[in-house]
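Please look over the sequence and the model before reading on.

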Amino acid sequence: MKALRFVGVGLPPVVEEVPVPVPGPGEVLVKIGGAGVCHSDLHVLDHGAQGAGSKPAFTLGHENAGWVAAWGSGVQGLREGDPVAVYGYWGCGHCRPCQASMENYCENADAVPQAGGGFGLDGGMAEYMLVPSPRLLVPLGSLDPREAAPLTDAALTPYHAIKRALPLLTPDANVVVIGVGGLGHMAVQLLRVMCGSRIVAADLDDGRLEHARQLGADLVVNSRNGAQAAETIRAFCGPRRAALVLDFVGLQPTLDLAVQLVGRNSQLTVVGVGGGVLPLSQMTLPFGCSVCTPLWGSRAELLEVIALAQYGRIHVDAHYFGIEDGPRVLQEMRAGKVHGRSVLVPGLN
């Protein structure tokens, strides 16, 4: 089968022919219907994957959905052809957070040999993917797997980040979304259905900002000039400023902007892994402001995200490509040319 592979740190991904995996005891083989392309894939290409179980070369792709194809001994309750989403973060499965479906906060994360498919083990940018346990599969119901694949990260991650801050998001509050690409455009939609707060979207790309406006943002601001953007957003928010700032970029300029926007008793949530640094002291941020660095979301929250999509309350602005297009799509993402979410679909020419 064709697969888009990580072959070494700093090297471009390669489309290769690899064997179809055979599920062993407790494992499930999924026929992939779609695999989302994420900025984290670029991070893997640039820095590799950590963990003792990481392979020197592996198939990329951690946003995956498809159909149950086969399973090993000990697996029960599945039927061939069941449409499923693959929960992306693989914890130990036994600790308290994992038992509560929050494998994203697994207590034994440092000892688990890998974080999941596409992060050291074979992911879903291929025709088939091997999943180590049926607990990592979430039923899709009527959703098309290629449409559902990005929900497993591009929607789940902002959903989790927003849900943590819901007590702050009253109808008279303001929330700022910095970066309205793959995750940010989902955050705008999720905020619309999860709370009544006013939404501000900030980005460098006017096309993304117009999309955010169409999705329900109350104010869109080009943040190329950080000082001017901060002034405009503060004027819109008033003296309370923002109850929540979601930074989906994490570069130094976006963190610097975020610090200027949060108000008292607020939350600054950094989701992006751009490598910016936030100096923290008693006087760095307004009193009562907390800093949050959430990771992905729980399996139970993925069920909730899928329900929102099934009911038509959120949708991914997705663009579909074949596995062979993967290297070009990743390069375009690196160049900032991708709007919404790109999805690789096996067999699509």
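Predicted model: local features only at pLDDT ≥ 70, side-chain atom pairs only at ≥ 80, totals over all residues.

Residues are numbered from 1 along each chain as its sequence is written, and side-chain values use heavy atoms, with hydrogens and water left out.

**The six-stranded sheet**

- Six strands make an open sheet with parallel pairing, in the order β11-β10-β9-β12-β13-β14.
- The edges are β11 (219-222) and β14 (290-292), and each of these pairs on one side only.
- Neighbouring strands of this sheet are turned by 15 degrees against each other on average, direction ignored.
- Axes here are lines fitted to C-alpha atoms, for helices over the stretch in contact, with angles from 0 to 180 degrees between N-to-C directions.
- Strands (E, at least two residues) and helices (H or I, at least four) are DSSP runs, numbered from the N terminus.
- Two strands count as paired if DSSP finds at least two bridges between them.
- Strand β9 (residues 174-178) runs parallel to β12 (residues 242-247), and four bridges join them.
- Within this pair, Val-177 stands opposite Leu-246 of β12.
- Helix α8 (residues 252-261) packs on the sheet and touches β9, β12 and β13 (262-270).
- The direction of α8 makes about 155 degrees with that of β13.
- Contact means heavy atoms within 4.5 Å.

- Buried means under 20% relative accessible area, exposed means over 50%, and partly exposed lies in between (1.4 Å probe, protein chains only).
- In a regular strand, side chains alternate between the two faces of the sheet.
- Strand β3 (residues 28-37) pairs with β16 in the antiparallel sense, over three bridges.
- Val-37 has Ser-342 of β16 as its bridge partner.
- Strand β15 (residues 318-321) pairs with β16 in the parallel sense, over four bridges.

**Ala-318**

- Ala-318 is found in β15 and stands opposite Arg-341 of β16.
- Ala-318 is buried, at a relative accessible area of 18%.
- Leaving aside neighbours within four places in sequence, Ala-318 is in contact with Arg-341 and Val-343.
- Ala-318 and Ala-149 are 169 residues apart in sequence, yet 9.8 Å apart in space, C-alpha to C-alpha.

**Nonpolar surface patch**

- Val-7, Leu-11 and Val-14 make a nonpolar surface patch of about 200 Å².
- Patches take residues with over 30% relative accessible area and no salt bridge; like charges are joined within 9 Å, and nonpolar side chains (Val, Leu, Ile, Met, Phe, Trp, Tyr) within 5 Å.
- A salt bridge is a side-chain nitrogen of Lys or Arg within 4 Å of a carboxyl oxygen of Asp or Glu.
- Areas come from the Shrake-Rupley method with a 1.4 Å probe; for residues, only the protein chains shown count as cover.
- Val-7 lies in the loop between β1 (2-6) and β2 (14-17).
- Val-7 is partly exposed, with a relative accessible area of 30%.

**Positive phi angles**

- Most residues other than glycine have a negative phi.
- Ser-101 has a positive phi, near 75 degrees.
- Ser-101 lies in the loop between α2 (96-99) and β7 (128-131), and is buried at 8% relative accessible area.
- Asn-265 also has a positive phi, near 50 degrees.
- Asn-265 lies in strand β13 and counts as exposed, at 53% relative accessibility.
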